[in-house]
Number of protein chains: 2
Amino acid sequence: MVAKKSKLIEEDGCQVKMVHLNRVRQAREDEPPSAELGRLADLYKAMGDPNRLRILLALRGGEMCVCDLAALAGVSDSAVSHALRRLKDLALVKNRRDGQMLYYSLDDHHVSQLLAASLEHLHH
Amino acid sequence: MVAKKSKLIEEDGCQVKMVHLNRVRQAREDEPPSAELGRLADLYKAMGDPNRLRILLALRGGEMCVCDLAALAGVSDSAVSHALRRLKDLALVKNRRDGQMLYYSLDDHHVSQLLAASLEHLHH
DNA sequence: TCCATACTTGAACATATGTTTATATATACC
DNA sequence: GGTATATATAAACATATGTTCAAGTATGGA
């Protein structure tokens, strides 16, 4: 790094303070498209709720029905159903009907791999 | 899966509806300790904000100072500073002072690996 | 010592979020 | 058909969250 003083740069009609112009340019180029960044943020946000995360972790061991997940998490069926809908919208889980019950499971292997990677990170 | 009818089980003084008792038991055994689950949720929650995520992704390319990150994300220095503090508390980033400026960078390799794994997940 | 720069911090405020409650749907069984 | 079970959904509410604004700290230079 060389620059020592910030410069005011004209951007989108307003002045922006910036020190390392080239570094910022590079970061902008390397940045994923904004839609992708948004989807990634949504993914993390969904996993950032303890109950939803508990559900995902539990499903690593195989499919479970709604009321079992409710019993596991210690919350109402309704709360779990809301959580599952969100996870399903993000393609983190899928379900299968058997009679009156819906069995939920992780949508694909990537999800459990992601969880495994994160748990490993926790253990430094 | 065999069970077809739910049973009311006494738990912690209240009745819980549950179908597959053994499956729930197994999920409970496999569950990480609650403190760890909480930390993991906090980690995801922190990464679930578009601006904080943008910062983390940008830092994959090397250290950056606060005002450059502000310019990149298009928010105020203050907002970035708040974001960075949170990321620092979670040991996702660290900083180094050089004169008046603080240069932030990813705390260790695990962080960029985690981001890489997630981006890969997005591309199915 | 005084001022400018780079960044941090705390309070305030508007928005987002998760859970509850009540109602609705879908399937099974009689 | 009628009732019970399993789950879904919508509105409402209380809490959590992120940004802004204003003031504070730290470093560097005149």
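Colleague: Which element gives the largest share of the surface near DNA strand D?
Modeller: This is a predicted model, in which local features need pLDDT of at least 70 and side-chain atom pairs count only at pLDDT 80 or more, while totals for chains, interfaces and linings use all residues. Residues are numbered from 1 along each chain as its sequence is written, chains are lettered from A and ligands numbered from 1 in the order in which they are written. At least two residues each come from helix H4 (66-73), helix H5 (77-89) and strand S5 (101-106) of chain A and from helix H5 (77-89) of chain B (DSSP runs numbered from the N terminus: helices are H or I of at least four residues, strands E of at least two). The largest share, 6 residues, is that of H5(A).

Colleague: Which residues come nearest to DNA strand D?
Modeller: A residue counts as near if its C-beta atom, placed from the backbone, lies within 6 Å of the strand. There are 28 residues around DNA strand D, and those that come nearest are Cys65(A), Val66(A), Cys67(A), Ser81(A) and Ser6(B).

Colleague: How many residues near DNA strand D are charged?
Modeller: Nonpolar means Ala, Val, Leu, Ile, Met, Phe, Trp, Tyr, Cys and Pro, charged means Asp, Glu, Lys and Arg, and the others, Gly among them, are polar. The surface has 10 nonpolar and 12 polar residues, and the charged ones number 6.

Colleague: Which element gives the most to the surface near DNA strand C?
Modeller: Of the 27 residues around DNA strand C, Ser6(A), Cys65(B), Val66(B), Cys67(B) and Ser81(B) come nearest. H5 of chain A and helix H4 (66-73), H5 and strand S5 (101-106) of chain B give two or more residues each. With 6 residues, the most comes from H5(B).

Colleague: Which element gives the most to the side of chain B that touches chain A?
Modeller: Contact means C-beta atoms, placed from the backbone, within 7 Å, and each chain, B and A, puts in 46 residues. By class, the side of chain B has 25 nonpolar, 10 polar and 11 charged residues. With 10 residues, the most comes from H2(B).

Colleague: Which strands stand at the edges of the sheet in chain A?
Modeller: The open sheet has 3 strands in the order S3-S5-S4 with antiparallel pairing, where pairing requires at least two DSSP bridges between two strands. S5(A) pairs with S3(A) over 2 bridges and with S4(A) over 6 bridges. Two strands have a single partner each, so one side of each lacks a neighbour in the sheet: S3 (64-65) and S4 (93-98) of chain A.

Colleague: Which residue in the hairpin of S4(A) and S5(A) takes a positive phi?
Modeller: The hairpin has 2 residues between the strands. Phi is near 70° at Gly99(A).

Terms used. Contact = placed C-beta atoms within 7 Å.
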